[in-house]
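This report takes up the nonpolar cores of a protein model and then a few of its helices, strands and single residues. Please keep the sequence and the structure in view while reading.

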Amino acid sequence: MNLRLLLFTLLCAALPAAPLTAANASAKPNILWLIAEDFGQHLGCYGTKQVWTPNLDRLASQGVRYTRTYVEPVCSVSRSEFMTGMYSTTIGAHNHRTRNKQPLPDGVRVLTGWLRDAGYYTANLVELPDSCGFRGAGKTDWNFIPPDKPFDSSRWDDLKAHQPFYAQINFQETHRTFHAPKKADPAKVEIPPYYPDHPVTRADWAEYLDAATELDQKIGKVLAALERDGLADNTIIVFFGDNGQSQVRGKQFVYEEGLLVPLIIRWAKDFPAPAHFKAGTVDARFIQGVDFAPTMLAIAGAPKPAKMQGRIFLGDRTEPDPQYVFGHRDRCDMTVFRLRTVRDARYRYIHNFTPWVPFLARNEYKERQYPVWTLLPKLYAEGKLTPPQAVLCQPTMPEEELYDLQTDPWEINNLAQSTNPTHQVALKNLRGVLTKWIEDSNDQGRRMETLQELQETEPRFIAAYDWRPQPGTPEAKQAEELRKNPPPIPSEPTKKAKRKKAE
């Protein structure tokens with residue numbers, strides 16, 4: 001070795017190791033999920049009026065805005081799905097906040113476990129920079145027993161020193177109760193035709209949009225913190241809603257309003273954009289919540305797990321676009337439904353396995369939090385509802401529903417009984433597709449909880465359960481007896497008592 005080469009070698013050895021950058025072959029982008037709660041596509045960039053969302057609108061202009069992204073209609077079920085890449089019906093996570101949670105099946109893990117194997121640091125951020133002026137909600141809300149340590153940290157300050165990272169921030173704003181400053185004009189908000197055009201409806205809708213405006217301001221602060229800490233250019237931003245809008249026919253139901261959410265992805269500047277991604281565009285492909293996990297793993301350079309049901313929608317390993325998207329709703333709190341749905345490019349089909357339960361079946365949460373929920377039956381009794389509005393107040397629900405989303409985007413005209421040959425073809429096709437999906441995905445909801453199981457697992461609610469088995473069955477008689485002679489509800493310690501005990 002000549003003297004010059006020796007000196008160069010010694011100098012290189014004395015220098016600190018170069019930081020991991022996008023220029024290095026082994027570099028990987030950071031991933032940051034921004035998760036809104038109970039939120040539909042109500043942003044300025046989606047065409048909503050009386051909402052002010054400059055930060056998310058700018059994010060959409062810098063990235064890709066997706067127009068047909070579907071998740072499940074309630075948080076714990078949806079979160080169980082997008083954090084595993086598995087249909088919640090397949091893994092037994094289909095009932096909202098069930099108490100008898102089970103571990104995940106073999107071969108199924110939370111996304112953060114797979115990402116950790118790929119070299120990622122993981123965080124569910126609660127402690128944010130002082131400049132943000134708020135804390136993350138820290139929500140997980142999974143319907144299964146999670147691993148001992150699903151996340152490595154809850155602190156923003158840990159991210160810069162631990163790259164690449166996957167982190168998520170959960171925002172409460174668009175979940176009820178709304179508390180944002182008033183800005184939207186109730187007289188100018190646009191009300192869907194299946195809700196009464198009433199001052200209560202307009203005021204409530206304006207508060208929902210104001211919550212979206214407040215959400216946007218908080219996201220703007222997070223994006224500014226990324227820039228300040230030098231993390232913006234090597235971090236992929238993924239913004240989406242955990243389930244559909246917090247309105248009467250939205251959350252917990254399988255119409256478009258309950259399933260359709262915003263999705264915006266901004267790619268990291270330091271990394272080349274992947275296949276099927278072009279900044280500044282709108283993407284109308286079908287995306288489902290189960291697709292999030294496998295796509296994040298593809299971004300991280302990790303293989304797709306063998307059991308994972310979702311599809312990769314970005315990059316060289318992108319899988320074929322689906323022809324159909326599916327959704328479901330099962331028990332939510334004290335209200336027992338079993339709804340299954342599928343849609344294609346034009347039609348949505350819904351199979352209601354519990355048609356004897358009315359749409360406005362008793363639900364204490366909805367009665368407390370949704371002003372229009374209690375307004376509807378009042379106006380119905382007074383004869384002040386239009387036919388589409390009155391449908392929500394009927395004593396039963398149709399067993400089958402079919403909607404032409406091209407001519408009827410509000411899903412008002414049920415075509416299941418139509419004699420039009422085109423409608424009948426769509427009905428039979430989607431009915432068959434849904435039946436096959438239920439079987440192929442091993443839908444655990446095919447066996448509904450019995451009344452005894454509900455008594456054992458949900459003692460807080462059983463006296464008030466709106467569990468209506470098919471009329472005339474032994475279960476129906478048992479349910480009626482329970483209503484007449486409800487068991488005592490065990491009292492639960494208050495938060496104050498719990499804190500005192502812990503101290």
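The sections below go from the basis of the values to the cores and then to selected elements.

## Basis of the values

This is a predicted model, in which local features need pLDDT of at least 70 and side-chain atom pairs count only at pLDDT 80 or more, while totals for chains, interfaces and linings use all residues. Residues are numbered from 1 along each chain as its sequence is written, and side-chain values use heavy atoms, with hydrogens and water left out.

Helices (H or I, at least four residues) and strands (E, at least two) are DSSP runs numbered from the N terminus. Buried stands for under 20% relative accessible area and exposed for over 50%, with partly exposed in between, as computed with a 1.4 Å probe on protein chains only. Contact, or touching, stands for heavy atoms within 4.5 Å.

## Nonpolar cores

A nonpolar core is a set of buried Ala, Val, Leu, Ile, Met, Phe, Trp, Tyr and Cys residues joined through side-chain atoms within 4.5 Å. The largest such core has 75 residues, of which Phe239 and Val248 touch the most other members. Among the elements that give two or more residues to this core are β1 (30-36), β6 (235-241), β7 (260-266) and α9 (371-381), but α5 gives the most, with 12 residues.

When residues up to four places away in sequence are not counted, Val248 touches Tyr195, Phe253, Phe359, Leu360, Tyr370, Val372, Trp373, Leu376 and Leu392. A second, separate core has 43 residues, including Phe277, Ile299, Ala302 and Phe313.

Just after α5, Gly230 takes a positive phi of about 70 degrees.

Helix α11 (residues 421-440) reaches 28 Å from its first C-alpha to its last, close to the 28 Å expected for its 20 residues. Its buried residues are His423, Ala426, Leu427, Leu430, Val433, Leu434, Trp437 and Ile438; they lie on the same side of α11, because they cover an arc of only 140 degrees around the axis, taken from the directions from the helix axis to the C-beta atoms. The face turned away from this buried side carries the exposed residues Pro421, Val425, Lys428, Lys436 and Asp440. What covers the buried residues of α11 includes β10 (325-329), β11 (339-343), β12 (347-352) and β13 (400-404). Just after α11, Asn442 takes a positive phi of about 55 degrees.

Strands β10 and β11 run antiparallel and are joined by five bridges, two strands being paired if DSSP finds at least two bridges between them.

Thr89, in the loop between α3 (75-82) and α4 (111-117), counts as buried because its relative accessibility is 0%. Leaving aside neighbours within four places in sequence, Thr89 is in contact with His94, His328, Arg340, Trp437, Asn442, Asp443 and Gln444.

## Pro262 in strand β7

Pro262 is found in strand β7 and is buried, with a relative accessible area of 0%. Not counting residues up to four places away in sequence, Pro262 touches Phe39, Gly40, Gln41, Leu43, Tyr46, Phe239, Phe240 and Gly241.

Technical notes: The expected span of a helix is 1.5 Å times one less than its number of residues.
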